[in-house]
Amino acid sequence: MSEVSQSPRTEHDAETPVRRRLRIGDSVLSGTTVLISVGLVALLAALLWVLEQGAAPAFMKYGLNFFTSRQWDPVNDRFGALPYIYGTVVTSTLAILSALPISVGLALLLNEVRSRLLRNPLTVLVDLLAAIPSVVYGLWGLFVLAPFLNRYLAPALGATLGKLPILSALFVPTPAVGNMLNAGIILAIMIIPIITAVTREVIATVPHDLREAAMALGATRYEAIRMAVLPHARSGIVGATMLGLGRALGETIAVSMLIGNGLGISASLLAPGYTIPAIIANEFREATSTGMQHSALLALALVLVAIALFLAAASRLLVRRSERMGS
Amino acid sequence: MSDGLDIVGLSAWYGTDRVLADVQMEIRPGQVTAIIGPSGCGKSTLLRCLNRMHEELPNARATGSVMFGDWDLYAPDSDPTDVRLHIGMVFQRPNPFPTMTVFENVVAGLKLRGHYDRVNLKERAEQAMRQAGVWDELKDRLNKPGGRLSGGQQQRLCIARALAVEPQVLLMDEPASALDPISTQLVEDTIVQLKNEVTIVIVTHNMQQAARISDRTAFMLRESAERPAALIEIDDTRQMFTKPIDKRTEAYITGRFG
């Protein structure tokens, strides 16, 4: 050290202890980050590989039939995934469509409300919602929400949206207690806290400058949000939605308690359905190694991963395109 | 010809800290009024009170009145949004909307006011961009994102955005302090050209700039942290920079403090 201060030239001539120490820090940092990132990719690859190995016999035997067949018959060793894929996609879509507007609205409220008295309890409440175990949601859904929805919401939807030409197919009443609408709504309630929390953080990072720019032009609060806040937060909101969607796709217990676990494929949201996580959870214990059931379940798992990855990639593309359009 | 502003008994607070006390000031129509003073003297706060942006900060409030013609901007039934529809503002740091194109930025205020006719928007955008001295540079990049321009271009784009709605008063908060000399020159040219059409109030820490472009100059000072800032003196710019009446003004402009 003393050498350095006496003669600055040594800094260029040779490595000083300080510089060497800095360099060691650099290499430790880059080493660990590379290790972790490579490790994560390797973990994902290993997971996919195991799934693929397990699923291969089922894919080999049934081919594309696996995706188009409605039969799931362990006794006769015939397996088709269509009802599960359908049920998963429908309930998750329903959950996202109903949760997203509520979550964004809630996040905006939590950001815009000036009164701490109102904001802090609301924030804590939303975070608490995220901490409730899903089996509790399932129980509550089964005993409280589902009877309520079946008695009031389903008839109300049937009497209003059900009267419209195309939408009527979605609300054909069935006598079933469990149905896809109920499952979708409980999923929405479960993912609202995640989407809200992430969206709130993203909105809080929008520079105050931009909001002021809009307000100085004469924008009302709503207009400033539309002009400056939401466009800036858009890709973050998509990321939040993906997190919520991930949870919705993978949610097992609450959904299997509410969806009715029926194998039919019906356009009506009031009909029972089945999802991929639900069938895996219900049958993995019984799956024997002799038949194809074990392999078929792993194939379903692979399909679930594929759906999630596809949706994540599609949403990224959507964001990038809309950003390029600059609209 | 635009209206001026008559500031009467204006005070401003941040929480319990009274930063402005009882300011009386006349902003004459069609003139450039410069507000100078050392850092923390409340000149930006005063400016932000003139379009009621001050109160948008947490815990900030202001009392008094600002007469705009016969409209008291601080009357109980006066809507801050209405105020800002007539009184434009340019900020210290350029703040174009990064997700909008250059063109969309310029017409953003017009769209807020319900103008959607494409041809009309184009004409008014071109006019505003010419006034802001940015048309020649950006006319071929109207559909590029507004956030990818140089700092000077961004600021002149913001000036164009403020001018596009044809405000009667334009408030500028150190508009050139983050810019290079050439961009500063262009911004000053714009201000001088706008004289007589728009009433301009500009806050600047650059005394040469105030001397170059303003008709009248106001000097503000906060003499201690316990006391709120006050307007010391306002007069014709030439008078202020040659024969100021108050000794504190003289000390400041001759560089003895601040």
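**Note on the predicted two-chain model**

1. Chain A is divided by its domain assignment into domain 1, residues 2-60, and domain 2, residues 63-325. The structure under review is a predicted model. Taken over C-alpha atoms, the centres of domain 1 and domain 2 of chain A are 37 Å apart. Their contact involves 7 residues of domain 1 of chain A and 10 residues of domain 2 of chain A. On the side of domain 1 of chain A that touches domain 2 of chain A, 5 residues are nonpolar, 1 is polar and 1 is charged.

2. The contact between the chains comprises 21 residues of chain B and 16 residues of chain A. Within chain B, helix 2 (80-86), strand 6 (87-90) and helix 3 (102-112) each contribute at least two residues to the side that touches chain A. That side of chain B consists of 11 nonpolar, 7 polar and 3 charged residues.

3. A helix pair in chain B also deserves attention. Helix 4 (residues 118-131) of chain B packs with helix 6 (residues 151-164) of chain B at an angle of about 130 degrees, and their axes are 8 Å apart. Angles from 65 to 115 degrees count as roughly perpendicular and those over 145 as roughly antiparallel; helix 4 and helix 6 of chain B are therefore oblique to each other. Their crossing is right-handed.

4. The residues that form this helix contact can be named. From helix 4 of chain B come R124(B), A125(B), A128(B), M129(B) and Q131(B), which meet A160(B), L163(B) and A164(B) of helix 6 of chain B. By class, the residues of this contact are 6 nonpolar, 1 polar and 1 charged.

5. Backbone angles call for a remark at R52(B). Most residues other than glycine have a negative phi. R52(B), however, has a positive phi, near 60 degrees. This residue lies in the loop between helix 1 (43-50) and strand 4 (60-68) of chain B. A residue is buried if 20 or more other C-beta atoms lie within 10 Å of its own; R52(B) has 21 and is therefore buried.

6. A positive phi is also found at N196(B), where the value is near 80 degrees. N196(B) is placed in the loop between helix 7 (181-194) and strand 8 (199-203) of chain B. Is N196(B) buried or exposed? N196(B) counts as exposed, because 12 C-beta neighbours lie inside 10 Å and the exposed class takes in residues with 12 or fewer.

Conventions: Residues are numbered from 1 along each chain as its sequence is written. Chains are lettered from A and ligands numbered from 1 in the order in which they are written. This is a predicted model: local features need pLDDT of at least 70, side-chain atom pairs count only at pLDDT 80 or more; totals for chains, interfaces and linings use all residues. Axes are lines fitted to C-alpha atoms, for helices over the stretch in contact, and angles run from 0 to 180 degrees between N-to-C directions. Helices (H or I, at least four residues) and strands (E, at least two) are DSSP runs, numbered from the N terminus. Angles under 35 degrees count as roughly parallel, over 145 as roughly antiparallel, 65 to 115 as roughly perpendicular and the rest as oblique. A crossing is left-handed if the near helix is turned anticlockwise from the far one by less than a right angle, and right-handed if clockwise. Two residues are in contact if their C-beta atoms, placed from the backbone, lie within 7 Å. Ala, Val, Leu, Ile, Met, Phe, Trp, Tyr, Cys and Pro count as nonpolar, Asp, Glu, Lys and Arg as charged, and the others, Gly among them, as polar. Domain bounds come from an automatic or database domain assignment.
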